Amino acid sequence: MGKKKTFVLYPWLGVGHLIPMVELAKHLLRHGLSVVVAVADPPDTEAVSAAAVARLAAANPDISFRLLPSPASHDTLRLANPALRELLRSLPAVDALLLDMFCVDELDVAAELGVPAYFFFTSAAGDLACFLNLPYLYPTLPSFKDMGKALVHCPGMPPIRALDMVISMQDKESDHTKLRLYQFERIPEARGVLVNSFDWLEPRALKALEDGVCVPGRPTPRVFCIGPLVNDGRAGVTHHECLAWLDAQPERSVVFLCFGSRGVFSAAQLQEIARGLESSGHRFLWVVRSPPEEQGRFPEPDLERLLPAGFLERTRGRGMVAKNWVPQAEVVRHEAVGAFVTHCGWNSVLEAIMAGLPMICWPLYGEQGMNKVFMLEEMKIAVELQGYEELVKAEEVEAKVKMVMETEEGKILRERLALVREKALEATKEGGSSEMAFDEFLKDLEWSTGSCGNGECH
């Protein structure tokens, strides 16, 4: 078969971007390819810590991880380009550079060295269709924050309320929005985009991408849906107390509430959630963090103080409140779990799909409001909590939990998830759409300009 191809993977800062890249690395290894994950390592606690890399490296000994020293700056990744260039030159051969969607300045390094560059897009294909279109659409609109519930129309997507558009882009005059538009405008410069989704789940968005209507007047890069790539929760390295607790609960009886690595709520909102869970009468596993204003002072939440008086005592036995973290991939696949209250981060959505688990949407940041719209209207795999833009009331938490766990509507949702899970498994089997897309990506690579070795590129 010739020599092993070598891929360098380059994630954006933050563990939420690193983990999907590691899943992609594992996928490449399964196909007999060689992988190096390069991680920019600025001296700053907000970025991916060396500790997180060390943990992932220990769990994945076949993947080579390289920390690239880089300055702490709002421009950290661009300033890490010299270190990335040196790494690429130092390797015997590099067949492709696989970049996180925000790593657009690294296209310049790839072009300089003659290395084919592709993006790995870790969210829904619907988000990709929208992001590619925003540099053309947004200049014609007011700021999303001024549009409120008015609808935004992008090709290949259902209409989305402006307040559900990307949270960090609500103000079109902000530096952050301008940076994002610059990044989205450069994505088409890549040879292609690998998307962590599957064809059956998002036909409308994929047709718009294929038809080239998202990027007017420019070629759209080829899109390869190769997902779902998710942690299968079978590594068996965690022995969290919640897993033993779940083992003792009846099948499909527990509502799981977990909101990603950045999901925090005000003290008032925590009280409403607690009251809603208590009055629902259902079993629950709830991951709680300190409110935003207490994060620095109290890394461990004080549950007795934050939750209603007597709540923990009254719900003992049927409820468990975990502080800060649980092994989500293992929890969503546990047979005791019957519903998932989620922030709609795409990783979490895919994990739930692979577990056939109905979702209750509570978007918090990033593109999660957009994901919620796709989940409700296009995929039909979830219901939403009303009021998440400000305060979700206890009655609403109770009503939605009961709807999913007790009613005919919940039964239909579970049947739908069983079908979606089956289609996801089909896509990732040999001969499935995602495996065929991956083969197409490798063929596309064969047409590219060759490898870069020791600084000699051809």
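Hi everyone. Two rings of Phe, Tyr or Trp count as a pair here if their centres lie within 6.5 Å. With that in mind, let's look at this predicted model, which holds 14 aromatic pairs.

Let me start with one of them, tyrosine 118 and phenylalanine 441. Their ring centres are 4.9 Å apart and the planes make an angle of 85 degrees, an edge-to-face arrangement. Where do the two partners, tyrosine 118 and phenylalanine 441, lie in the chain? Tyrosine 118 is in strand 5, residues 117-121, while phenylalanine 441 is in helix 19, residues 433-446. That puts them 323 residues apart, so this pair links distant parts of the chain. Are tyrosine 118 and phenylalanine 441 buried or exposed? Both are buried.

Staying with strand 5, we come to phenylalanine 121, which pairs with phenylalanine 131. Why is this pair called edge-to-face? Because the planes stand at 70 degrees, and over 60 counts as edge-to-face; the centres are 6.0 Å apart. Phenylalanine 131 belongs to helix 6, residues 125-137, so the pair ties together parts that are 10 residues apart in sequence.

Now back to tyrosine 118 and phenylalanine 441, because ring pairs link them with Phe7, Phe224 and Phe438 into a cluster.

Arginine 180 lies over the face of phenylalanine 102, 3.9 Å from the ring centre. Arginine 262 has its charged end over the ring of tyrosine 365, at 4.1 Å from the centre.

Notes:
Residues are numbered from 1 along each chain as its sequence is written. This is a predicted model: local features need pLDDT of at least 70, side-chain atom pairs count only at pLDDT 80 or more; totals for chains, interfaces and linings use all residues. Side-chain values use heavy atoms; hydrogens and water are left out. Rings of Phe, Tyr and Trp (its six-membered ring) pair if their centres lie within 6.5 Å; planes under 30 degrees apart count as stacked, over 60 as edge-to-face and the rest as tilted. Helices (H or I, at least four residues) and strands (E, at least two) are DSSP runs, numbered from the N terminus. Buried means under 20% relative accessible area, exposed over 50%, partly exposed in between (1.4 Å probe, protein chains only). A charge sits over a ring if NZ of Lys or CZ of Arg is within 6 Å of the ring centre and within 35 degrees of the ring normal.
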